[in-house]
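Work through the exercises below with the structure open beside you. Try each task before reading its solution.

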Amino acid sequence: MIETDFLVIGSGVAGLSYALKVAQFGRVVIITKKKIYKTNTALAQGGVAAVFSKTDSFENHVADTLAAGDGLCDEDVVRMVVENGPERIRELVDLGARFNREGGGKYDFSLGREGGHSQNRIIHARDLTGKEIEDVLVHNVEQHENITILENHVAVNLITYSTSVRSGLVRTQHENICCGAYVLDNETGKVETVAAKVTLLATGGGSKVYLYTSNPDTATGDGIAMAYRAGATVANMEFVQFHPTCLFHPEAKNFLISEAVRGEGAYLIDEKGNRFMGKYSPDLELACRDVVARAIDSELKKTGADSVFLDITHKDPDFIRKRFPNIHAKCLEFGIDITQQPIPVVPAAHYMCGGVATDLNGRSDIQCLYAVGETACTGLHGANRLASNSLLEALVYAHNAAHSSLKEFEQAAKNPTVDLDPWDETNTLDSDEAIMVTHNWDEIRRLMWNYVGIVRSDKRLHRAQRRIEMIQHEIEEYYWDFKITADLIELRNLAMVAELIIKCALMRKESRGLHYNLWYPDKDDANCLVPTLVQKTF
């Protein structure tokens with residue numbers, strides 16, 4: 001058994017920021033599936049939205065966020081995040097982050113603009129903002145004596161217990177206190193028991209549930225699935241953000257073309273060279289992501305083309321190379337010189353606005369269990385995330401969760417120690433049918449893309465629901481008969497995330513934000529201005 005005060009599952013901006021703050025008060029163990037820097041954070045190109053310009057204001061940022069969220073944002077949450085954002089950015093700079101600046105001041109940032117923003121407020125480090133933040137946080141975490149990093153470890157299940165009984169051992173509710181997790185050491189194949197006073201889920205989203213995604217292979221919704229299985233409430237899973245512009249090339253896999261490229265004046269054109277966004281929004285290429293993604297999807301369906309194109313060739317080549325060095329270099333690897341040629345792009349699943357429902361401090365409805373970053377649904381994003389608000393949310397909520405969890409840590413330290421059972425793999429065998437994992441993985445991603453994608457209908461959703469139920473039955477049989485592997489854990493979680501997206505999409509009888517249903521094309525403010533909440537029944 002591994003014992004610690006704080007267990008952090010995930011090593012992106014949310015998990016690492018939290019770890020640094022609580023490590024001043026106790027021991028921290030960070031669990032990460034690959035190497036510590038292999039995260040969605042490290043891939044984030046655009047930047048962090050925060051108010052630093054003299055012409056900007058908190059009210060402007062709040063208004064833009066509420067507009068993007070299409071009626072479902074929690075305004076108290078939005079104001080809290082926006083007003084606390086600048087201080088969290090200053091903390092990153094003090095830790096060593098180097099953002100683009102103009103002027104001599106420490107916080108005189110060069111501010112960009114992205115879709116949905118009325119002002120220039122995107123703080124960036126070239127087009128590698130996430131990598132800059134990740135590198136700084138990893139450096140500081142690795143230097144901290146109170147933090148232990150367990151790489152190549154995959155969380156299997158949360159460990160929970162209950163204080164609520166009716167008679168004898170009959171529980172009246174789900175187990176409502178988290179005390180750690182079972183974790184697979186991917187190198188030894190053994191499942192370890194990690195006991196913790198407080199557990200933080202910072203595992204990112206689950207966009208790998210779709211066939212085409214900007215996310216890495218690790219984005220399988222592990223934290224959301226584990227929390228739901230343990231009884232935590234999950235919210236707004238129907239709102240999956242499809243990034244409009246993922247590089248379309250057979251060898252590119254999941255390379256994103258940042259929204260900042262459109263922010264700097266790039267045009268979207270069809271294969272004949274015609275701009276088309278004027279047919280869909282007066283904001284043209286700077287419309288919110290859901291509008292742009294649906295516009296591209298519509299153009300592709302009408303024309304039968306494989307992609308549309310993003311054209312920034314009208315800008316100065318030196319400016320393009322300096323502003324987007326990473327994108328320029330990556331496209332060159334595939335024979336595309338973005339200073340001379342338009343970039344072929346398609347929409348791809350990018351960000352989950354739903355997740356584990358939390359309060360203003362990142363607390364779930366299971367005691368001693370927190371969720372932050374893309375794993376959580378805080379109320380900030382509503383029905384659609386405003387560009388570059390995600391890193392901001394992660395920083396602010398990691399800070400809040402750290403302060404809040406210190407109180408739970410102090411209380412948990414006074415409670416008697418709970419005896420935790422070791423992982424039981426009695427009567428399980430080594431897998432002899434790995435094809436089940438790969439086949440079901442592929443089937444889930446294809447059915448989600450075809451039936452639960454950018455444009456949906458109840459007919460498609462019910463078809464997907466029937467298929468996912470059959471797949472989950474196969475997975476559960478396999479899970480209990482064979483020794484677990486990282487692939488099986490991810491497949492099980494991926495299927496659970498698919499189920500939750502479908503379930504929430506069927507519950508919302510309207511079209512709003514990122515959820516567009518052909519059977520219900522209009523908004524229903526009278527009945528649907530509430531979050532979609534689901535909780536496992538026991």
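The model used here is predicted.

**Exercise 1.** Classify Lys503 as buried, partly exposed or exposed, then find its salt-bridge partner.

Solution.
1. Lys503 has a relative accessible area of 28%.
2. Buried means under 20% and exposed means over 50%, with partly exposed in between.
3. Lys503 is therefore partly exposed.
4. The side chain of Lys503 forms a salt bridge with that of Glu499, at 3.4 Å from N to O.
5. Both residues lie in helix 14, and because they are four residues apart, about one helical turn separates them.
6. Glu499 has 18% relative accessibility, so Glu499 counts as buried.

**Exercise 2.** Determine which parts of the chain are linked by the salt bridge between Glu490 and Lys33, and classify both residues.

Solution.
1. In this salt bridge the closest N and O atoms are 2.6 Å apart.
2. Glu490 belongs to helix 14 (residues 486-507), while Lys33 sits in the loop between strand 2 (28-31) and helix 2 (40-43).
3. The two residues are 457 residues apart, and the pair links distant parts of the chain.
4. The relative accessibility of Glu490 is 10%, so Glu490 counts as buried.
5. For Lys33 the value is 15%, so Lys33 counts as buried.

**Exercise 3.** Describe the salt bridge between Glu285 and Arg275. Is Glu285 buried or exposed?

Solution.
1. The closest N and O atoms of Glu285 and Arg275 are 2.7 Å apart.
2. A salt bridge needs a side-chain nitrogen of Lys or Arg within 4 Å of a carboxyl oxygen of Asp or Glu, so the pair qualifies.
3. Glu285 and Arg275 are ten residues apart, in the loop between strand 14 (267-269) and helix 8 (289-303).
4. Glu285 is buried, because its relative accessible area is 5%.
5. Arg275 has 41%, so Arg275 is partly exposed.

**Exercise 4.** How many salt bridges are found in the whole structure, and which residues are linked in a network?

Solution.
1. A search of the whole structure gives 36 salt bridges.
2. The network of salt bridges links Glu238, Arg508, Glu510, Arg512 and Asp525.

**Exercise 5.** Name the residues of the negative surface patch, then locate and classify Asp421.

Solution.
1. Asp419, Asp421, Asp424 and Glu425 form the patch.
2. Asp421 lies in the loop between helix 11 (389-414) and helix 12 (434-451).
3. Asp421 has 56% relative accessibility and therefore counts as exposed.

Conventions
Residues are numbered from 1 along each chain as its sequence is written. This is a predicted model: local features need pLDDT of at least 70, side-chain atom pairs count only at pLDDT 80 or more; totals for chains, interfaces and linings use all residues. Side-chain values use heavy atoms; hydrogens and water are left out. Patches are made of residues with over 30% relative accessible area and no salt bridge: like charges are joined within 9 Å, nonpolar side chains (Val, Leu, Ile, Met, Phe, Trp, Tyr) within 5 Å. Accessible areas come from the Shrake-Rupley method with a 1.4 Å probe; for residues, only the protein chains shown count as cover. Lys and Arg count as positive and Asp and Glu as negative; His and the chain ends are not counted. The place of a charge is taken as NZ of Lys, CZ of Arg, CG of Asp or CD of Glu. Buried means under 20% relative accessible area, exposed over 50%, partly exposed in between (1.4 Å probe, protein chains only).
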